[in-house]
Amino acid sequence: MKISRRNLIKAGIAAGAALSIPSVVRAQTASNDARTVHMGGGGGSFALSSFDPIYSTSDDVTNYGAAIYETLFALDSKFMPQPQMVGKWAVSDDKKTYTFELREGLGWHDGTPVTAADCVASIRRWAEVNPAGKLIMERASDISKKDDKTFTIALNEPLGTLIDFLANISPPVPFIMREKDASRPASEQVTTKIGSGPFKFNEALARPGASYTYDRNEKYVARKEPSDGFAGGKIVKVDRVIWDVIADQQTAVAALQAGEIDYCGVPPDLYPLIESDPNLQLEVLDKGGQDVILRMNFLQPPFDNVKARQAMLHLIDQEALMRAGWGDSKHIGIVTSIFGQDTPISNDENIGWFKKGGDPERAKQLFQEAGYAGEKVVILQPTDWAEASNASQLLAATLRKIGLNVELAPMSWAELSTRRANKGPVENGGWNLFITSDNEHSLGNPLTDSIPVASGDKAWYGWPKNDEYEALRMKFADVATLDERKALARKMQGIWWDFVGDLRLGKHVSPIAHRKTLTGLIHMPQILAMWNLQKVSA
């Protein structure tokens, strides 16, 4: 009889804790501490590969940024931008000059006030690496402070989406940093951990690779509006949130059942176990779901050749890869649009390549046409992201079946986040393929999201390049109606699937698991918000 890990967990708990769970050192278990929340996970969730959410786009770093920093505007639950750090703002009659005044009560964790100069420096640094920010800078004639609380953005021509850009949640998010930190180039990491947000990072209790602690910022002044999505008042209802880095999902689920943590991600095969436990609950926070994406290195063979990239397009069996990684058929689906499968600009342009089960013979032929001659193909495999690790293994096996020389490079997500920046050949620590993901809401806006960008060296990892596509993408800022955006999106997608900027492997809508005593989770994509969380009596 095959013993599944679900049955193993159930048997271990029934026997009185036969599972070996690494001790999460604390004075008392999470379930008995009403003022502390323990969130468990690994990979890109809590491992903290960097402390700079402008330098890194990893989820763990973005979540860290959302805890200790703030943004000028924030999206509400209807995805409309609302003032956050801004108290008042106005735009001139010609729509070219925006004036922003900061709200009262904003202060850095070191006790100094937030100023307009901080905002100006932060916008400029964010704009070095974010597509929306780059567009702002292309159109800006000046971004400067008027006084300590007021700054302006003056444009050469109107940009009606500017406020939306400043509320962007696609990493890197436009978090506001101190001027002294934001004056550093975006290519150099900020290492200080001083923000103005609702949480302070507790450096004394940081245990790299094991746990990270966030304390309630007692001096934080929240907005008076009710919490709504990421907008409104960010009320912190606990004293402390601790991220416990637990790379193994089986171990995390067992810790959740034991009351050692309050929250964790959960693999699909353990959903029934969570549902059968009266103390636990599954909850979907991102109802739009995540698209799983395969990035290819345009700078190195074999994927510097469009025929090789087209071969991958025909090779992929989305259903098989998604089942290998994300399992449960109720929570997975196919993706054929570069803008997400269910966004306002999703479309079916140029998807003749899609075939249920893939077409390995066509893929093999295209690799031959590309002149593939046995070069090593390195796939970065994030071992602490189980779903992507499993999918990477199946991808490697599929490529080997059609004759490719494939090497899996197992590593933590933190290590992957560093290595993917290497543009060199595989012999010098480079790479060819890695799996990532992006939320559907973000993919629906090619001006703010980094994935559907093809600007070469200035693009996201993989560095896809196509000038015709980029020219169309830049027109998005000036398209007024949804119908016009849909038409433009069709043209863009037609070009993308010809040069194959990346691959879509499918999508998943995955619930998280938490103890029923943990309430107040915010239902929004991309960012795991820690304000509004509350522990209630069982």
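The legends below describe close-up views of a predicted model.

**View 1. The open sheet of 4 strands, with the order 4-5-7-6.** Pairing in this sheet is antiparallel. Strand 4 (86–91) and strand 6 (140–147) stand at the edges with a single partner strand each, so that one side of each is left without a neighbour in the sheet. On average, and with direction ignored, neighbouring strands of this sheet are turned by 15 degrees against each other.

**View 2. The pairing of strand 6 with strand 7, and the helices that pack on the sheet.** Strand 6 and strand 7 (residues 150–155) run antiparallel and are joined by 6 bridges; Asp147 has Thr150, in strand 7, as its bridge partner. Helix 3 (residues 116–127) packs on the sheet and touches strand 5 (97–102), strand 6 and strand 7, its direction making about 160 degrees with that of strand 6. Helix 4 (residues 131–139) also packs on the sheet, where it touches strand 6 and strand 7, and the direction of helix 4 makes about 90 degrees with that of strand 6.

**View 3. The buried residues of helix 10 (residues 318–326) and their cover.** Gln318, Leu321, Met322, Gly325 and Trp326 are buried in this helix. Because these residues cover an arc of only 95 degrees around the axis, they lie on the same side of helix 10. In an α-helix there are 3.6 residues a turn, so residues three or four places apart point the same way. The elements that cover the buried residues of helix 10 include strand 13 (290–296), strand 14 (332–333), helix 12 (386–401) and strand 18 (503–508).

Definitions and conventions. Residues are numbered from 1 along each chain as its sequence is written. This is a predicted model: local features need pLDDT of at least 70, side-chain atom pairs count only at pLDDT 80 or more; totals for chains, interfaces and linings use all residues. Side-chain values use heavy atoms; hydrogens and water are left out. Two strands pair if DSSP finds at least two bridges between them. Helices (H or I, at least four residues) and strands (E, at least two) are DSSP runs, numbered from the N terminus. Axes are lines fitted to C-alpha atoms, for helices over the stretch in contact, and angles run from 0 to 180 degrees between N-to-C directions. Contact means heavy atoms within 4.5 Å. Buried means under 20% relative accessible area, exposed over 50%, partly exposed in between (1.4 Å probe, protein chains only). The arc is that of the directions from the helix axis to the C-beta atoms.
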